Amino acid sequence: MKQTHLSSANMDHTTASNTIRSGVAPLRIFLVEDSVDVRDLMIETLSEIPGVVFAGFSEEEDDALQKIDADSFDVLILDIELKQGNGMSLLRTLSKSAKPLNSLKIIFSNNVSNAFRRAGEQYGVRFFFDKSSEFTKLRNLLAALGTGLPDH
């Protein structure tokens, strides 16, 4: 995973002591999620993980594409259903982009059927988590990545 700088953007939810103590640049996460409640819960809970920082979020496909193109991050977490567009279309567009996207891609959705899993894998998605039952698994994965432990 590439090293990134600590952004001063207001979405960065880490402390200087976490960054200094670890000696490693924080794991930058970009979240594509249209549910305010789910997004707020994720930001609040995952921000408590040492070494993890939010690079930003989007509710819509077009907005996400613009933000992804403008910044860098280590992990892309996306839902399939969005206010405008959808996560699969976003992944398809990113796969055709001239800018290489080397971030870890994770789908966190209520729609994790085998068809979506196969389609996601085609676009480089490594992990699929069901929103209704696997939030703890997602948190554990990000905690392991945030501390520099090998991912699964």
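## A buried charged pair and its network

In this predicted model, E33 and K131 are both buried, a word used here for residues with under 20% relative accessible area, while exposed stands for over 50% and partly exposed for the range in between (1.4 Å probe, protein chains only). The two side chains meet in a salt bridge, with N and O 2.9 Å apart; a salt bridge is defined as a side-chain nitrogen of Lys or Arg within 4 Å of a carboxyl oxygen of Asp or Glu. This pair links distant parts of the chain, since E33 is placed in the loop between β1 and α2 (36-46) and K131 in the loop between β5 (125-130) and α6 (135-146), 98 residues apart.

K131 also meets the side chain of D79 in a salt bridge, at 2.7 Å from N to O. Because D79 lies in the loop between β3 and α4 (87-95) and K131 in the loop between β5 and α6, this pair ties together parts that are 52 residues apart in sequence. D79 counts as buried because its relative accessibility is 4%, and K131 is buried with a relative accessible area of 17%. Through salt bridges that share partners, E33, D79 and K131 are joined into one network.

## Another salt bridge across the chain

The search of the whole structure finds seven salt bridges. One of them pairs R28 with D71, whose closest N and O atoms are 2.9 Å apart. Here too the pair links distant parts of the chain, with R28 in strand β1 (residues 27-32) and D71 in the loop between α3 (61-70) and β3 (75-78), 43 residues apart. R28 has a relative accessibility of 1% and therefore counts as buried, whereas D71, at 29%, counts as partly exposed.

## The overall fold

The chain has six helices and five strands, and these are DSSP runs (H or I of at least four residues for helices, E of at least two for strands) numbered from the N terminus. Read along the sequence, they follow the pattern α-β-α-β-α-β-α-β-α-β-α. Of the 152 residues of the chain, 48% count as buried. Among contacts (heavy atoms within 4.5 Å) between residues at least 6 apart in sequence, 64% join residues at least 24 apart.

The chain exposes about 7,700 Å², of which carbon and sulfur atoms supply 50%; accessible areas come from the Shrake-Rupley method with a 1.4 Å probe, and for residues only the protein chains shown count as cover.

Helix α2 has R39, M42, I43, T45 and L46 as its buried residues. The elements that cover these residues include β1, β2 (52-58), β3, β4 (104-109) and α6.

D37, D40, E44 and E48 form a negative surface patch. Patches are made of residues with over 30% relative accessible area and no salt bridge, with like charges joined within 9 Å and nonpolar side chains (Val, Leu, Ile, Met, Phe, Trp, Tyr) within 5 Å. Asp and Glu count as negative and Lys and Arg as positive, while His and the chain ends are not counted; the place of a charge is taken as NZ of Lys, CZ of Arg, CG of Asp or CD of Glu. E48 is found in the loop between α2 and β2 and counts as exposed, with a relative accessibility of 54%. The C-alpha atoms of E48 and A143 are separated by 9.4 Å, although these residues are 95 residues apart along the chain.

## Around strand β4

S103 lies in the loop between α4 and β4 and is buried, with a relative accessible area of 7%. Leaving aside residues up to four places away in sequence, S103 touches F73, D74, V75 and L76.

I107 is found in strand β4 and counts as buried at 0% relative accessibility. With residues up to four places away in sequence again not counted, the residues that I107 touches include L78, I80, M88, L91, V112, G120 and V125, and among them are also F127, F128 and F129. The C-alpha atoms of I107 and D130, 23 residues apart along the chain, are separated by 8.3 Å.

Residues are numbered from 1 along each chain as its sequence is written, and side-chain values use heavy atoms, with hydrogens and water left out. As this is a predicted model, local features need pLDDT of at least 70 and side-chain atom pairs count only at pLDDT 80 or more, while totals for chains, interfaces and linings use all residues.
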